[in-house]
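Welcome, and thanks for taking a look at this one. Please have your viewer open as you read the short briefing below.

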Amino acid sequence: MIFKNDSLDPAAVFAGAMSLRDACDQATKLQNLNLSDAFSGVDQFYREAMRIAVLFEEWACEHVVFDEMCDVWPYLLEDKFGAACLQRMSVEDLSGFDADDCPDVAMKLLLPLHYQDAPRLPLDVKAINPVPASPFTHWRIQTIRCLSGDDSFEPMLYGDDPFDPEYEPSILALYGVNAEGLVEHIKGFDRYADAVAFAGKLAPGVEFPEEPVVKAPGS
């Protein structure tokens, strides 16, 4: 296969496709399904497996923070990619796999991800408050959202689907955090840069990361 994107790793694409093949083989046997019938032929299944592997590799090249990974990328995909895809959707639904499914699969793989405002991932970053007279020891920027038809916001945590249809579009909340760890909501924002700029007005010299990373808990 010839890749249009030179940054794609053929080994990673191959590993992802083979992992998906093996996971689907196992799943169809357990469910007494016929892989050929599900995809109108085994050849069509292999085309779908390659399409998904290429799509995910393209997405990963833009969103995964490879410098913060300890795993060898193709080996990780070989071991876990197929199972992560089937946690996202059933074998029969794989033909509908698209870019909106990639963030959820990536978080199932516990990958460190570049935060971007679209799609908004579950960000949670803190910065020390440089203003000594303030009631807050830290500032915090966190992704929050609410269920459709509700006005009660909750944090969006690592592993939560950014495209969950049960939720309204997420926003970023700026909080002040006191010495006891209690938080006070300051303001909501659509863009990370705007939240950082506003925090800088409240606390000149506060240092939030310019390019924040979304990480699995404990990583």
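Predicted model: local features only at pLDDT ≥ 70, side-chain atom pairs only at ≥ 80, totals over all residues.

Leucine 110 sits in the loop between helix H5 (102–108) and S1.

**Backbone points to check**

- Leucine 110 is not a glycine, yet its phi is positive, at about 60°.
- Leucine 110 counts as exposed because its relative accessible area is 56%, and the cut-off for that label is over 50%.
- Serine 40 is another residue other than glycine with a positive phi, here near 55°.
- You will find serine 40 in the loop between helix H2 (35–38) and H3.
- Serine 40 is exposed as well, its relative accessible area being 72%.
- A cis peptide bond runs from alanine 118 to proline 119, with omega near -5°.
- Proline 119 belongs to the loop between strand S1 (113–114) and S2.

**Helix H1 against helix H3**

- Two packed helices are described by the angle between their axes and the distance between the axes.
- For helix H1 (residues 10–31) and helix H3 (residues 42–63), the angle is about 130° and the axes are 8 Å apart.
- H1 is therefore oblique to H3.
- The crossing of these two helices, H1 and H3, is right-handed.
- On the H1 side, the contact is made by Ala12, Val13, Gly16, Ala17, Leu20, Arg21 and Cys24.
- Facing them from H3 are Phe45, Tyr46, Ala49, Met50, Ile52, Ala53, Val54 and Glu57.
- Sorted by type, the residues of this H1 and H3 contact comprise twelve nonpolar, one polar and two charged.

**Helix H3 against helix H4**

- H3 also packs with helix H4 (residues 73–88), at an angle of about 120° and with the axes 12 Å apart.
- The crossing of H3 and H4 is right-handed.
- H3 contributes Ile52, Ala53, Phe56, Glu57 and Ala60 to this contact, while H4 contributes Trp73, Leu77, Phe81 and Cys85.
- The residues of the H3 and H4 contact divide into eight nonpolar, no polar and one charged.

**Arginine 88**

- Arginine 88 is part of helix H4.
- Which residues does arginine 88 touch, not counting residues up to four places away in sequence? They are Asp100, Asp101, Asp104, Val105, Lys108 and Asp161.
- Arginine 88 is described as partly exposed because its relative accessible area is 23%, and buried would need a value under 20%.
- From arginine 88 to proline 103, the separation is 15 residues in sequence and 10 Å in space, C-alpha to C-alpha.

**The buried side of helix H6**

- Tyr192, Ala195 and Ala199 are buried in helix H6 (residues 192–202).
- Why do they lie on the same side of H6? The reason is that they cover an arc of only 60° around the axis.

Note on methods: Residues numbered from 1 in each chain as written. Heavy atoms only, no water. Axes fitted to C-alpha atoms, helices over the stretch in contact; angles between N-to-C directions. Helix = DSSP H or I, 4+ residues; strand = E, 2+ residues; numbered from the N terminus. Parallel < 35°, antiparallel > 145°, perpendicular 65-115°, else oblique. Left-handed = near helix turned anticlockwise from the far one by under 90°. Contact = heavy atoms within 4.5 Å. Nonpolar A, V, L, I, M, F, W, Y, C, P; charged D, E, K, R; others polar. Buried < 20%, exposed > 50% of the residue type's maximum accessible area, 1.4 Å probe, protein only. Arc of directions from axis to C-beta.
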